[in-house]
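This report walks through one protein chain, a few places at a time. Look at the sequence and the structure first, then read on.

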Amino acid sequence: LTTTTTLHNGVEIPVFGLGVYKIPEQEVYDSVTSALALGYRHIDTASFYENEEGVGKAIKDSDIPRNDIFVTTKVWNDEQGYDETLQAFERSLKRLEFDYVDLYLIHWPVPGKYKETWKALEKLYKDGKVRAIGVSNFLPHHLESLMEDAEIKPMANQIELHPQLTQVETRNYCKQHNIKVEAWSPLGRANYLDDPILNEIANKHNKTPAQVILRWNVQSEIITIPKSVNTLRQKENADVFDFELTNEEVQKIDSININKRIGQHPDHFKY
Ligand code: A2P
């Protein structure tokens with residue numbers, strides 16, 4: 001769980017973390033506490049999830065040094081714009097009760113807004129308030145447009161990615177530009193863990209389909225942040241560092257792709 005990869009500015013990020021999408025504030029405290037006890041050292045939250053306080057408090061109460069844990073948060077769509085983002089960041093920081101954030105992301109590419117928002121992220125980065133900056137739900141054309149004016153290239157792009165949505169184009173684009181890809185909903189919200197290909201591979205390795213998917217992420221150089229509020233499933237999900245998929249198995253999982261999204265398409269989002 002302490003396996004890391006290096007962002008283009010030299011900052012190390014654990015390749016495996018806990019997602020806490022919309023876990024209610026009361027419950028998130030227990031989820032994060034449980035994950036930290038299991039060895040998780042990377043937590044991914046967002047202003048939109050309305051649970052930053054619980055995340056921050058669980059981290060504080062864990063007595064694990066703050067700098068041993070990598071924390072991501074994100075600026076929400078209606079907080080975008082230069083001044084608005086600087087203010088939104090301060091609100092997140094206050095809720096987390098931190099003095100810095102490890103990775104700050106633009107949650108969605110709001111048309112007409114994200115370039116100004118990026119300038120605010122660059123300022124936060126230069127001021128040392130965030131160790132790294134990036135984006136989420138950006139397609140290659142958004143990244144292309146962002147980088148026309150950017151001084152600093154995004155260090156990560158967090159996108160919906162799972163076997164039914166393998167995101168080959170965005171992954172290739174990011175690889176070319178040295179932007180790390182992070183997968184949200186890597187388990188496809190557990191909607192198709194009964195898939196026969198996943199089960200066949202899982203049986204061969206004496207693992208579960210969820211573990212096969214998460215191993216597929218790790219081997220494909222994708223940072224993965226499965227969500228679970230359940231200690232047993234958190235433990236199961238983290239147990240993916242003791243086996244290896246063959247190239248053929250990786251390709252079989254790649255072939256499950258049907259470009260099927262759970263979330264919104266970044267170009268058709270009602271911003
Ligand atoms: P729970 O929180 O009760 O464990 P994703 O990260 O792809 O969005 O998936 C999250 C969903 O998948 C959550 O509803 C979570 O439920 C469920 N989940 C997480 N890990 C597993 C697992 N190992 N097996 C089955 N379901 C899981």
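His8 is found in the loop between strand E1 (4–6) and strand E2 (12–14). Helices (H or I, at least four residues) and strands (E, at least two) are DSSP runs, numbered from the N terminus. The model is predicted, and local features need pLDDT of at least 70, side-chain atom pairs count only at pLDDT 80 or more, and totals for chains, interfaces and linings use all residues. Residues are numbered from 1 along each chain as its sequence is written.

A residue is buried if 20 or more other C-beta atoms lie within 10 Å of its own, exposed if 12 or fewer, and partly exposed in between, with C-beta atoms placed from the backbone. Apart from neighbours within four places in sequence, His8 is in contact with Lys153, Met155 and Asn178; contact means that the C-beta atoms of two residues, placed from the backbone, lie within 7 Å. The C-alpha atoms of His8 and Ile179 are separated by 7.3 Å, although these residues are 171 apart along the chain.

## His107 and the UniProt records

An unreviewed UniProt entry places the feature "binding site" at His107. UniProt positions are given in the numbering used here, feature names are shortened, and annotations may be inferred rather than shown by experiment. His107 sits in the loop between strand E6 (101–106) and helix H4 (114–126). It counts as buried because it has 21 C-beta neighbours inside 10 Å. Not counting residues up to four places away in sequence, His107 touches Ala46, Phe48, Lys74, Val75, Trp76, Asn77 and Ser136.

The unreviewed UniProt entry also places "domain: NADP-dependent oxidoreductase" at residues 22–257. Over that range the chain is 46% helix and 14% strand, and the end C-alpha atoms are 26 Å apart.

## Helices H2 and H3

The axes of helix H2 (residues 52–62) and helix H3 (residues 82–96) come within 7 Å and cross at roughly 45°. Axes are lines fitted to C-alpha atoms, for helices over the stretch in contact, and angles run from 0 to 180 degrees between N-to-C directions. H2 and H3 are therefore oblique to each other. Angles under 35 degrees count as roughly parallel, over 145 as roughly antiparallel, 65 to 115 as roughly perpendicular and the rest as oblique.

On the H2 side, Glu52, Glu53, Val55 and Gly56 meet Ser92, Arg95 and Leu96 of H3. The residues of this contact divide into two nonpolar, two polar and three charged. Ala, Val, Leu, Ile, Met, Phe, Trp, Tyr, Cys and Pro count as nonpolar, Asp, Glu, Lys and Arg as charged, and the others, Gly among them, as polar.

## Helices H7 and H8

Helix H7 (residues 196–205) and helix H8 (residues 209–219) have axes that come within 8 Å and cross at roughly 90°. H7 and H8 are therefore roughly perpendicular to each other. Leu198, Asn199, Ile201 and Ala202 of H7 make the contact with Pro209, Gln211, Val212 and Ile213 of H8. This contact has six nonpolar, two polar and no charged residues.

How many of the eleven residues of H8 are buried? Nine are, and H8 is mostly covered. The buried residues include Ala210, Leu214 and Trp216. Those buried residues pack against strand E9 (180–184), H7, strand E10 (223–224), H9 and helix H10 (247–254). After H8 comes Glu221, whose phi is positive, near 60°.
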